[in-house]
Amino acid sequence: MHTSTVWAQDLEVLHWWTSGGEAQSVAVLKKVFKEKSGATWKDFNIAGGAGENALKVLKTKALAGHPPAAVQMKGPQIQDWGKMGLLTSINDLAKREQWDEKLPKEIANAVKYNNNWVAVPFNVHRINWVWVNPKVLAQAKAKVPTTLAELFETADKIKKIGLLPFAHGGQAWQDATVFEELLLAIAGPDLYRKALVQLDPKALQSPEVKATFEALRQYSSYLDKNRKGLDWDKATRLVMDGKAGMQFMGDWAKGEFIAAGKHPGKDFLCIPVPGSEDSFIYNVDSFAFFETKSKNTKKNQEQLAAIIMDEAFQKTFNVKKGSIPAVPTTKMEDFDSCAKASMESFVKTSKTTGQVPSMAHQMASSSEVMQAVYDVVEAHINSNMSADEAVKRLAKSIREATM
Ligand code: BGC
């Protein structure tokens, strides 16, 4: 009895926010949670971008009957864990605080299972960004690209002065992130949706998907051959330090620039992936809550959820994290120009068909399908596999993953 009381004062939180900018962002939450609840935040962080490793650890722990109380989780994963009956609903709190009125419908739906609130959203990350070091471009006498052709011209010029055109880490999720960004730029949001969300076999084998693999081949010719295992934030650091010119990455990369005291428009530029200006690949971070028998844990879960939904927290957290707030009434004055541009694009694309969920970041499909895409794109980028072959393998692997 005694130990269970002590245990109940802890709230175990599983997440993968371990880079410099990410750690500073989550530190804000830890601090407010401690102050408001008096409970101890039991940090369970598993390094590894895009949560590749965290997901595996969660499966082992939860299926063994010991899930953490709060878990960083997204999109279809929330539905999967909900279906297994392992998530707890925080409907009373949501009702009291009128979350249905506070959140855009798509975001609310993503954190509900079966109409029950089982998770809370932090933010919206935009994926289709390129991070640019303007000094490197000036040194190379290259211009800020506005088309994919110009992007590769700029890359050529950077290569000529002996610097790395693109910083790119060596992990499957980073390959898949660039793949979806190029697909959006080349094929547009409607075909992106058909291919990566609806998994339509015809769309998956379309000329646009082939062209995307061709562009990926060209892109990969500019990468460091010794990048295997390189983390995304180390790649961002190469851009920051003027060793590389550009990086394709979601706007958590901006969190790294900000944590290092860099300023947008001066030390770095954020440009939409050329060709994808009118579209928005979105990625919503959220915490899901696992069922518990302990009243104290439940109380702490609700406390944490209430903090995450608070506008003041949404502002402080997202200014550091690089994202825009999930709660649209949050004041944007203190956000930088990249965040303001992201918000503008998010609002605009919510009125068109320009918003699509990120496949590489668990927003669009089951983890089996996501893994199938990771595997094919990684195999393609690290070999001389033809675009035709890659298209064939992609369609086949996705078919098998959905059987
Ligand atoms: C998450 C971000 C995180 C990034 C790198 C993404 O999937 O949504 O919050 O910063 O992965 O780990």
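Begin by selecting Gln355, which, once residues up to four places away in sequence are set aside, touches Glu106, Arg193, Phe280, Tyr282, Phe346, Thr349 and Ser350, a contact being defined as heavy atoms within 4.5 Å. What you have open is a predicted model, in which local features need pLDDT of at least 70 and side-chain atom pairs count only at pLDDT 80 or more, while totals for chains, interfaces and linings use all residues. Residues are numbered from 1 along each chain as its sequence is written, and side-chain values use heavy atoms, with hydrogens and water left out.

**The sheet around Gln355**

Gln355 lies in strand S15; helices (H or I, at least four residues) and strands (E, at least two) are DSSP runs, numbered from the N terminus. Is Gln355 buried or exposed? Gln355 counts as buried because its relative accessibility is 13%, where buried means under 20% relative accessible area, exposed means over 50%, and partly exposed covers what is in between, with a 1.4 Å probe and protein chains only.

Extend the view to the open sheet, whose four strands follow the order S14-S7-S12-S15 with mixed pairing; two strands pair if DSSP finds at least two bridges between them. Strands S14 (324–325) and S15 (355–357) stand at the edges with a single partner strand each, so one side of each is left without a neighbour in the sheet. In general, strands of a sheet pair through backbone hydrogen bonds, either parallel or antiparallel.

With S15, strand S12 runs parallel and is joined by three bridges; here Ile281 stands opposite Val356, and the bridge partner of Tyr282 is Pro357. With S7 (residues 123–126), strand S12 runs antiparallel and is joined by two bridges, and His125 is the residue that stands opposite Asn283.

**A parallel pair and its crossover**

Next, select strand S1 (residues 10–15) together with strand S2 (residues 40–45), which pair in the parallel sense over six bridges. Within this pair, Val13 has Asp43 in S2 as its bridge partner. If you follow the chain from S1, it passes through helix H2 (residues 20–37) to reach S2, in a β-α-β crossover that is right-handed; that is, with the strands pointing away from the viewer, the path from the first strand over the helix to the second runs clockwise.

**Two loop residues with positive phi**

Past S2, in the loop between S2 and helix H3 (52–63), select Ala50. Phi of Ala50 is near 65 degrees, a positive value in a residue other than glycine, and Ala50 is buried, with a relative accessible area of 7%. Then move to Asn114, in the loop between strand S4 (112–113) and strand S5 (116–117). Phi of Asn114 is also positive, near 55 degrees, but Asn114 counts as exposed, at 60% relative accessibility.

**The ligand**

Now display the ligand with the residues around it. Which of the 13 residues around the ligand come nearest? They are Glu22, Lys74, Asp285, Lys321 and His361, a residue being counted as near if one of its heavy atoms lies within 4 Å. The protein covers 100% of the 310 Å² of accessible area that the ligand has on its own, the areas coming from the Shrake-Rupley method with a 1.4 Å probe.

In helix H9 (residues 148–160), select Thr154, which counts as buried at 2% relative accessibility. Beyond residues up to four places away in sequence, Thr154 touches Leu137, Ala142, Lys143, Pro145 and Met246.

In helix H10 (residues 172–197), select Ala185, which also counts as buried, at 15% relative accessibility. Leaving aside neighbours within four places in sequence, Ala185 is in contact with Leu148, Val273, Pro274, Gly275 and Ser276. Ala185 and Gly275 are 4.4 Å apart in space, C-alpha to C-alpha, and 90 residues apart in sequence.
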